[in-house]
Amino acid sequence: MRITRALSASLLMLGLAVAPAAADSSPTPTDSASADGDAPTQAGTSFRTATEVEQGTTATASGSTGDYLYWSFPADAGQRPTVKATVKLPQTHAAQTWQVDVYDGLRRRQSCQYGAQTRTAAADSSSVELACVLRTVRAWSETWANDPLPGTYYVRLTAVGLTTADLGLPVGTEVRVDSKDIGGSAAVDGSLAEPLVPGIAVKSEADKDGSKDSAVLSAIEPEDGWSSGWWSDRWVWTAIGGMLAALAGVGGYALTRGAGRPSRVPPGA
């Protein structure tokens with residue numbers, strides 16, 4: 001009976017521990033209505049002038065074919081961002097190929113796990129939709145690796161291989177970034193000292209010199225701040241594994257120790 005009660009208590013604790021872990025691994029809900037109210041309506045023309053956009057917000061911009069349009073967004077450790085872009089084409093145009101590229105805080109081009117990163121719109125198409133699902137952002141990585149790291153990410157949208165007749169035609173664009181929280185399966189043993197955001201290197205150097213002047217950092221960051229991988233649900237599963245191992249040891253001992261010394265056998269025998 002004691003073993004049964006112990007197992008029941010452990011299963012109850014297991015259920016309570018798994019509930020928050022499962023909640024953390026699900027996509028983060030976003031209030032689109034409130035977020036889109038402050039959505040940007042223009043795009044930058046370079047990395048330095050990229051328009052900042054929060055995750056879960058649909059940014060819009062007007063441009064011309066042949067332009068390079070830039071946006072930036074924050075991504076933290078454990079997130080797997082998905083970038084979606086829609087280009088509304090003019091009524092009359094030739095076949096056009098559009099492409100969306102994503103760069104990290106070091107301006108390294110990040111490959112897409114899957115998604116239509118480049119698509120060609122036929123001459124009679126009114127719009128073209130692009131998507132890029134990035135790899136999961138890691139809290140730390142080797143210096144030689146091209147792994148995505150916490151910080152600012154840049155989205156570049158442009159048309160490639162245009163004909164001369166299509167240059168300068170007006171287009172409308174929509175860009176949206178959402179992330180899925182992967183959880184402890186993507187956790188690593190390490191973290192960055194600072195996220196890779198614009199101005200962080202200049203700010204750190206100014207702090208060392210004792211100067212009060214510092215660079216203006218990126219104005220956007222994750223809703224809960226930069227975690228840099230200090231917490232993941234791997235801690236929960238590690239604790240659960242330890243409890244189950246302890247219970248298995250107690251149960252094994254109870255099953256193998258027998259009924260003890262028979263009552264008819266004297267203690268000194």
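Q: Which residue is the bridge partner of Tyr 70 in S10?
A: This is a predicted model, in which local features need pLDDT of at least 70 and side-chain atom pairs count only at pLDDT 80 or more, while totals for chains, interfaces and linings use all residues. Residues are numbered from 1 along each chain as its sequence is written, and side-chain values use heavy atoms, with hydrogens and water left out. Strand S3 (residues 69–75) is joined to S10 by 7 bridges in an antiparallel arrangement, where two strands pair if DSSP finds at least two bridges between them. Within S10, the bridge partner of Tyr 70 is Arg 156.

Q: How many strands does the chain have?
A: Helices and strands are DSSP runs numbered from the N terminus, a helix (H or I) having at least four residues and a strand (E) at least two. Counted in this way, the chain contains 4 helices, and its strands number 11.

Q: Which residue of S10 is the bridge partner of Val 102?
A: S10 also runs antiparallel to S5, to which 7 bridges join it. In that pairing, Val 102 has as its bridge partner in S10 the residue Val 155.

Q: How many of the 10 residues of S10 are buried?
A: Buried means under 20% relative accessible area, exposed over 50%, and partly exposed in between (1.4 Å probe, protein chains only). Over the chain of 269 residues, buried residues make up 37%. S10 is mostly covered, and the buried count among its 10 residues is 9.

Q: Which residue forms a salt bridge with Arg 156 at 3.4 Å?
A: Arg 156 counts as buried because its relative accessibility is 18%. The salt bridge (a side-chain nitrogen of Lys or Arg within 4 Å of a carboxyl oxygen of Asp or Glu) has its closest N and O atoms 3.4 Å apart and is formed with Asp 101. The pair links distant parts of the chain, 55 residues apart, with Arg 156 in strand S10 and its partner in strand S5 (residues 96–103).

Q: Which residue joins Asp 101 and Arg 156 in one network of salt bridges?
A: The count comes to 7 salt bridges. One of them connects the side chains of Arg 138 and Asp 147 at 3.4 Å, N to O, and Arg 138 counts as partly exposed because its relative accessibility is 29%. Salt bridges that share partners form a network of Asp 101, Arg 156 and Arg 109.

Q: What is the N to O distance in the salt bridge of Arg 108 and Asp 104?
A: Arg 108 and Asp 104 are both buried. Their side chains meet in a salt bridge, with an N to O distance of 2.7 Å.

Q: What is the relative accessible area of Arg 107?
A: Arg 107 lies in the loop between S5 and strand S6 (109–110). Its phi is near 60°, a positive value in a residue other than glycine. Arg 107 counts as partly exposed because its relative accessible area is 43%.

Q: Which strands stand at the edges of the open sheet?
A: The open sheet of 5 strands has antiparallel pairing and the order S2-S11-S4-S9-S7. Each edge strand has a single partner strand, so one side of each is left without a neighbour in the sheet; the two are S2 (58–64) and S7 (112–114).

Q: Which residue in S11 stands opposite Ser 64?
A: S2 and S11 pair in the antiparallel sense over 7 bridges. The covered face of S2 holds Ala 59, Ala 61 and Gly 63, whereas Thr 58, Thr 60, Ser 62 and Ser 64 form an uncovered one. Ser 64, in turn, stands opposite Pro 170.

Q: How far away is the nearest side chain of opposite charge from Asp 166?
A: Asp 166 is found in the loop between strand S10 (151–160) and strand S11 (170–181). Leaving aside residues up to four places away in sequence, Asp 166 touches Thr 65, His 93, Ala 94, Ala 95 and Gln 96, contact meaning heavy atoms within 4.5 Å. For charge, Lys and Arg count as positive and Asp and Glu as negative, with His and the chain ends not counted. Asp 166 is buried yet has no salt bridge, and the nearest side chain of opposite charge, Arg 119, lies at 16 Å.
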